[in-house]
Amino acid sequence: IMADSILSRVEAQFWKEPRDLDVLFLGDSHSQNGLDPLRVANSFNFSSAGESYIQSYYKLRWLLDNDRKRFKVLVLQFDYQNFSTMYFKEADNVWYWKRYMDFFEAGRVLG
């Protein structure tokens with residue numbers, strides 16, 4: 001069931017693409033639905049609904065540490081709700097985020 005989710009399909013598409021990117025988009029549903037990578041050459045929208053800055057941070061850190069895909073420019077959504085702890089009170093889609101996040105470290109940081 002999870003393999004057919006939007007999160008899984010976007011991630012599979014991201015890793016399937018053999019080339020490095022010029023532009024990578026990260027953010028929540030606003031950037032997921034509002035930034036069309038077909039309008040920006042050699043770009044990919046790796047945003048996900050409800051993604052907080054904490055989640056974007058861990059996803060970005062994982063991408064940089066694993067060095068499997070390179071990009072020149074990172075576009076991060078800047079919106080007030082991304083800073084809200086509301087996004088991170090309950091861990092939605094743990095099956096997806098466990099790949100990128102250390103929940104113990106995030107818990108220590110968030111208190």
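# Burial, core and pockets of a predicted chain

Visitor: What is the relative accessible area of Arg99?
Guide: In this predicted model, Arg99 sits in the loop between helix 4 and helix 5 (103-110). Buried means under 20% and exposed over 50%, and Arg99 counts as partly exposed because its relative accessible area falls between these limits, at 37%.

Visitor: Which residues does Arg99 touch, leaving aside those up to four places away in sequence?
Guide: The loop that holds Arg99 lies between helix 4 and helix 5, and the C-alpha atom of Arg99 is 9.5 Å from that of Tyr58, although the two are 41 residues apart in sequence. When residues up to four places away in sequence are not counted, the residues that Arg99 touches are Glu11 and Trp62.

Visitor: What pattern does the chain follow when read along the sequence?
Guide: The secondary structure comes to five helices and three strands. Among contacts between residues at least 6 apart in sequence, 60% join residues at least 24 apart. Read along the sequence, the elements follow the pattern α-β-α-β-α-β-α-α.

Visitor: What percentage of the residues of the chain count as buried?
Guide: The chain exposes about 7200 Å², of which carbon and sulfur atoms supply 56%. A residue needs a relative accessible area under 20% to be called buried, and of the 111 residues of the chain, the share that counts as buried is 38%.

Visitor: Why do the buried residues of helix 1 lie on the same side of the helix, and what arc do they cover?
Guide: The buried residues of helix 1 (residues 6-16) are Leu7, Ser8, Val10, Glu11 and Phe14. They are on the same side of the helix because the arc they cover around its axis is only 165°.

Visitor: Which exposed residues does the face of helix 1 turned away from its buried side carry?
Guide: The cover over the buried residues of helix 1 includes strand 1 (21-26), strand 2 (43-45), helix 3 (53-66) and helix 4 (94-97). On the face turned away from that buried side, the exposed residues are Ile6 and Lys16.

Visitor: Which element gives the most to the lining of the largest pocket?
Guide: The largest pocket has a volume of about 260 Å³. Of the 13 residues that line this pocket, the closest to its centre are Gln13, Pro37, Ser43, Phe44 and Asn45. Helix 1 and strand 2 are the elements that give two or more residues to the lining. With three residues, the element that gives the most is strand 2.

Visitor: Which element supplies the largest share of the lining of the largest cavity?
Guide: The structure holds one cavity of 30 Å³ or more, and about 30 Å³ of space lies in the largest cavity. Its lining is made up of Ile6, Leu7, Val10, Phe46, Ser47, Ser48, Lys59 and Tyr96. The largest share, three residues, comes from helix 1.

Visitor: What value is phi of Asn42 near?
Guide: Asn42 has its place in the loop between helix 2 (29-34) and strand 2, and it counts as partly exposed because its relative accessibility is 23%. Most residues other than glycine have a negative phi. Asn42, a residue other than glycine, has a positive phi, near 50°.

Visitor: Is Ser56 buried or exposed?
Guide: Ser56 lies in helix 3 and touches Leu26, Gly27, Glu51 and Leu76, not counting residues up to four places away in sequence. Because its relative accessibility is 4% and the limit is under 20%, Ser56 counts as buried.

Definitions and conventions:
Residues numbered from 1 in each chain as written. Predicted model: local features only at pLDDT ≥ 70, side-chain atom pairs only at ≥ 80, totals over all residues. Heavy atoms only, no water. Buried < 20%, exposed > 50% of the residue type's maximum accessible area, 1.4 Å probe, protein only. Helix = DSSP H or I, 4+ residues; strand = E, 2+ residues; numbered from the N terminus. Arc of directions from axis to C-beta. Contact = heavy atoms within 4.5 Å. Areas by Shrake-Rupley, 256 points an atom, 1.4 Å probe, with all protein chains shown as cover. 1 Å grid on protein atoms, 1.4 Å probe; cavity = no way out; pocket = protein on both sides within 12 Å on 5 of 7 lines; lining within 4 Å. Points joined across faces, edges and corners; volume = space filled by probe spheres on them.
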